[in-house]
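Have your viewer ready and your selection tool at hand.

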Amino acid sequence: MKHVLQKILGVIVLLLAWIVYALTNAGPSGPASVMSDVNSGLQSAIVDDDYRTTYEVFVYSFADSDSDGIGDLKGLTDRLDYISDLGFNQIWLMPVCPSPTYHKYDVTDYMNIDPQYGTMEDYDRLISECHQRGIRVIIDLVLNHTSSQHPWFTEAVNYIRTLPVGSQIDAAECPYAEYYNFTGNGGSGFASVQGTGWYYEARFWDGMPDLNLDNQAVRDEIDQIIGFWSEHGTDGFRLDAVTSYYTGNPDKNIGFLKWVNDTANKYNPDSYIVCEGWENQDSYARYYASGVDSMFDFAFADASGMIAKTLLGNCSARDYGNALEREWQLFQSYQQTAVNAPFYTNHDMGRGAGYYAGDDGRKTKTALAMNLFTTGNAFIYYGEELGMKGSGKDENKRAPMYWSTDAAYAGMTSGPPYMDAFEMKFPSYEEQKDDPYSIYNYVKQAMKIRNAFPVIARGRTWVHQDLTTDQVCILLKEDDEHAPCAIVMNLSDAEQTVNMSNTEFHQLKAVLTVNDTAVSYGNNTLVLPPYGIAVLTE
Ligand code: CA
């Protein structure tokens, strides 16, 4: 009996020893790593600097508080926890000033809130509620042109109509006549003042007369406008159409931007400025010489940008990585403190869900992670985190935030006038929020990873050239203040194996998968399912 017990004990000891051996040799995270398990321990390490993550909001279509079908500042304020829970720490508001159009890019009063959106009191409350949540607010500032219904323009036109044929503008009689570029010669980019021989510069549309930005009185107005919003707690500005300030003259555009940036910094030394210069990358990179914080990185956005090109198979994972490595140097060559502003879509582009025919969500998701894992202040357009659809005319790109399939759901807006009726491709927020594999929860995990590893937003990007292939991109991120990391991205729809032995990165810290597939890691060998992403540290 004693011998039998000893034998049983011996077997138990051996068994325990084997279990301990098996556990300790299975690799840092076990043989297979499910997203929720690996990422559960990640802690947000948000740093209060310009490398933020920004949510672009079209107030009109976001959330309605008074059931008139038009989104408003109160509605947005009610939904701040949604934005905060996703992990954003900045909001960009498309224009909020009074305007005759739904999009409000033609302003009639630069120091007020459009009545459709609310009041200055609503704005002050929004700012206060954002700041309590650690969210900064930047607003769209449209300086290239005003509305043709702006009092400056209507007074100027009224004056010009009184001028006898052949006489010149006298600013002493009407200073506003020199706020714009009136001329006796029309041509491309100019519109006629009806009933006179005069024309005015209007590069976008005759309802948007271009301002004369050389006029000191106009600059004094802009100075006051920037001061006004800064004193209301605004954290910075998104500058519209900066390459059109002086059409065809980048040097003058850069000079004017420097003045705008200095003016913003005069009122708020931490003011954050990001600019829209919709040109090729070498052209907008030059604008960093103005000293502005960020330029939108158009080269990676839209259906023809680097992200979509990679996922469509029109360029390789290696090309994608090399483009990221190159741009860091390009921007630095103009300004040492340049903060890239990567984005994937915005209000002027078809939404990402329309880029990939037949996509079941895998490419739509991966594209969003690629954007969020890019160094800089990454921007996401509202609704992309749900895979909202919208293409064709501009109104379709600015559809009601898809909170629910129920039009009577609290906060639902009715959308821009003349928007086409169309079905969304992916479910609403209400349907996605509890699905661990929804686009919404994928973006939430990607944001969690971005916020847990400050080096992802801040580090210089290098491509691990030896391990990077046409299918797998391995980005190394490093800066002076944070631990470096490697982001291993399988950008193909086949499983990929990567041996990390000859790198310094051996600790699997985070994974991102497009569905219920797992990442496997052991003996420094990473097996990534299709579109799987892993973050490793030293
Ligand atoms: Ca409303």
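Start with the largest cavity, whose lining has six nonpolar, three polar and three charged residues. Here Ala, Val, Leu, Ile, Met, Phe, Trp, Tyr, Cys and Pro count as nonpolar, Asp, Glu, Lys and Arg as charged, and the others, Gly among them, as polar. This is a predicted model, in which local features need pLDDT of at least 70 and side-chain atom pairs count only at pLDDT 80 or more, while totals for chains, interfaces and linings use all residues. Residues are numbered from 1 along each chain as its sequence is written, and side-chain values use heavy atoms, with hydrogens and water left out.

Select Ala45, Ile46, Val47, Tyr51, Arg52, Thr53, Asn89, Arg450, Asn451, Pro454, Ala457 and Arg458 to show the lining of the largest cavity. The space inside is about 80 Å³. On a 1 Å grid over the protein atoms alone, a cavity is a set of points where a 1.4 Å probe fits but cannot get out, a pocket is an open set with protein on both sides within 12 Å along at least five of seven lines, and lining residues have an atom within 4 Å of a point. Grid points are joined across faces, edges and corners, and a volume is the space filled by probe spheres set on the points.

Now colour helices H15 (439-452) and H16 (454-458), each of which supplies at least two residues of this lining. H16 has the largest share, with three residues. Helices (H or I, at least four residues) and strands (E, at least two) are DSSP runs, numbered from the N terminus.

How many cavities of 30 Å³ or more are there? The count comes to five. For the second largest cavity, select Glu56, Trp92, Arg238, Glu276, Phe296, Phe298, Phe343, Thr345, Asn346 and Phe379. This one holds about 40 Å³ of space.

Next, the open spaces. The largest pocket holds about 470 Å³. Centre your view on Tyr51, Trp328, Arg458, Gly459 and Asp479, the closest to its centre of the 27 lining residues. Then show helix H12 (317-332), strand S11 (460-463) and strand S12 (472-478), each giving at least two residues to the lining of the largest pocket. H12 gives the most, five residues. By class, this lining divides into nine nonpolar, nine polar and nine charged residues.

Move on to the second largest pocket, with about 360 Å³ of space. Among its 17 lining residues, pick Tyr105, Phe204, Asp240, Glu276 and Asp348, which lie nearest its centre.

Last, the helix pairs. Axes are lines fitted to C-alpha atoms, for helices over the stretch in contact, and angles run from 0 to 180 degrees between N-to-C directions.

To see the contact (heavy atoms within 4.5 Å), show Thr364, Lys365, Thr366, Leu368, Ala369 and Leu372 in H13, which meet Ile439, Tyr442, Val443, Ala446, Met447 and Arg450 in H15. By class, this contact has eight nonpolar, two polar and two charged residues.

Finish at H8 (residues 216-231) and H9 (residues 250-267), whose axes come within 9 Å and cross at roughly 40 degrees. H8 and H9 are therefore oblique to each other.

Key:
Angles under 35 degrees count as roughly parallel, over 145 as roughly antiparallel, 65 to 115 as roughly perpendicular and the rest as oblique.
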